[in-house]
Amino acid sequence: MPETAGADVSKLREINSLSILRAMRGQPPVTVTELAHRTGLSRPGTDVVVRGLVTDGWVQVVEPDGSSVGRPARRYRFNAGAGHVLGVDVGVHKILVLLADLEGQVLHSHRLPVEPDADPAARLQALDTAITQCLADAGMPPGQIWAVTVGVTGPVDATGRTTLFTPLPGWASVSPAEHLSARFTCPILVENDCKLAAVAERWKGAAQDADDIVYVLAGMRTGAGLILDGTLRRGYAGAAGEIGALKAVRWLSAPSHIENCPGVPEGIHPNDKAAWVFERAREGDRHARQALRRYVKDLAVGAAALVLALDPQVVILGGGYSRSADLLIEPFERELGRLCLRVPEIRASDLGADSVALGALRVALDQVDARLFTDGMPALPALPA
């Protein structure tokens, strides 16, 4: 047989293998007959490919549980444990690392507090420590990690740095990807935290039914992430959604209404001020309710600008203040109604403090998918024995 014919057969086998993997991923155990129907391949051809994938470690045989009468058809499932990804949130107050399999199931996590004024060396050391502990807890060598995504505060440029703005001291000079490349040989991406939180909301959060989303970070810091037509929008220099940089929208000063609420006890920790104000507002305290009204009015100005420009299906209210969405959503919606032609549905995030790291996992998984399924059908990576 000519050499080109052999190459064509090999390429066809690879394409069929990837087609079958795509059909199995994220699905319950399936028979060869069902796979053949899904992929359009012949049953004998599907059987040959599946057996090869089992040998290579990509597919696992699911043994019958004994509940069926007679001899049940053998079922197979995608081996989600063939590789793993890391999602990392480098925040102002914490480092959070999530480890997941190839279907996005979170297997281990490690959270490490960090001081807001920590210098870059201390924050990078905390990052290394959190990753080391997470991998150690899972018994996972770095070579089993196929992609890493790191979320950081501030717009991320093409080099993976936050050169335009970041509240992390000295962080504009830091390249997390370069730092981690000494440890990992897989792709390492760096992305803005609000953008990753928006991704998480569409993947596992309050916006799973939407393709056009404005995510608003409501907390001690205000920001936004944008998803249009199901795609995260970064902008030319990674600064899409940074409408808070325009002082006229009042996002920079909005949290001060809550932080400077009259009556807040002098000895209270800055991180606890908002909780105190929200609790007093629930009790009917006049100063607390007024502080929330002023905060919502300022938050709505920037959100309205995004809504008018993008006409999203939903606006997701995330961040630390979203835990008190019962006090915020109704007045927030009312303010948007005063400012916008059409008010989208307003929903509160339920992902809590994990949203950024979850979005980072999703982006890391997308990198794996791109390598396996879209980059010209590359050869399947060799799996460890």
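Student: Which residue in strand 11 is the bridge partner of Ile227?

Tutor: In this predicted model, the bridge partner of Ile227 in strand 11 is Leu232. Strand 11 covers residues 231–232, and strand 10 pairs with strand 11 in the antiparallel sense over 2 bridges.

Student: How many residues sit between the strands in that hairpin, and which one takes a positive phi?

Tutor: The hairpin of strand 10 and strand 11 has 2 residues between the strands, and Asp229 takes a positive phi there, near 55 degrees.

Student: What about strand 9, how does that one run against strand 10?

Tutor: Strand 9 and strand 10 run antiparallel and are joined by 5 bridges, with Val216 standing opposite Ala224 of strand 10. These two strands also form a hairpin, and here there are 5 residues between them.

Student: How many residues of strand 10 are buried?

Tutor: Strand 10 is mostly covered, with 6 of its 6 residues buried.

Student: Okay, switching to the largest nonpolar core: which residues touch the most other members?

Tutor: That core has 40 residues, and those touching the most other members are Trp251, Val277, Tyr295 and Phe332. Among the elements that each supply at least two residues of this core are strand 9, strand 10, helix 8 (273–282) and helix 10 (325–339). The largest share, 11 residues, comes from helix 9.

Student: And what is Phe332 in contact with, leaving aside its close neighbours in sequence?

Tutor: If you leave aside neighbours within four places in sequence, Phe332 is in contact with Val296, Leu299, Ala300, Ala303, Val315, Leu317 and Ile346. There is also a second, separate core of 35 residues, which includes Val32, Val59, Ala364 and Leu365.

Student: Now helix 4, how many residues does it have?

Tutor: Helix 4 runs over residues 120–138, which gives it 19 residues, and from its first C-alpha to its last it reaches 27 Å, close to the 27 Å expected at 1.5 Å a residue. Its buried residues are Arg123, Leu124, Ala126, Leu127, Ala130, Ile131, Cys134 and Leu135.

Student: What covers the buried side, then?

Tutor: The cover over the buried residues of helix 4 includes strand 4 (84–90), strand 5 (94–101), strand 6 (106–113), strand 7 and helix 5. Just after helix 4, Gly139 takes a positive phi of about 60 degrees.

Student: What does its side chain reach?

Tutor: The side chain of Thr166 reaches the backbone oxygen of Thr153 at 3.1 Å, and also the backbone nitrogen of Leu168 at 3.2 Å. Not counting residues up to four places away in sequence, Thr166 touches Thr153, Trp171 and Ala172.

Note on methods: Residues are numbered from 1 along each chain as its sequence is written. This is a predicted model: local features need pLDDT of at least 70, side-chain atom pairs count only at pLDDT 80 or more; totals for chains, interfaces and linings use all residues. Side-chain values use heavy atoms; hydrogens and water are left out. A polar contact is a pair of N or O atoms within 3.5 Å; within protein, one must be able to donate a hydrogen and the other to accept it, and residues adjacent in sequence count only if both atoms are side-chain atoms. Contact means heavy atoms within 4.5 Å. A nonpolar core is a set of buried Ala, Val, Leu, Ile, Met, Phe, Trp, Tyr and Cys residues joined through side-chain atoms within 4.5 Å. Buried means under 20% relative accessible area, exposed over 50%, partly exposed in between (1.4 Å probe, protein chains only). Helices (H or I, at least four residues) and strands (E, at least two) are DSSP runs, numbered from the N terminus. The expected span of a helix is 1.5 Å times one less than its number of residues. Two strands pair if DSSP finds at least two bridges between them.
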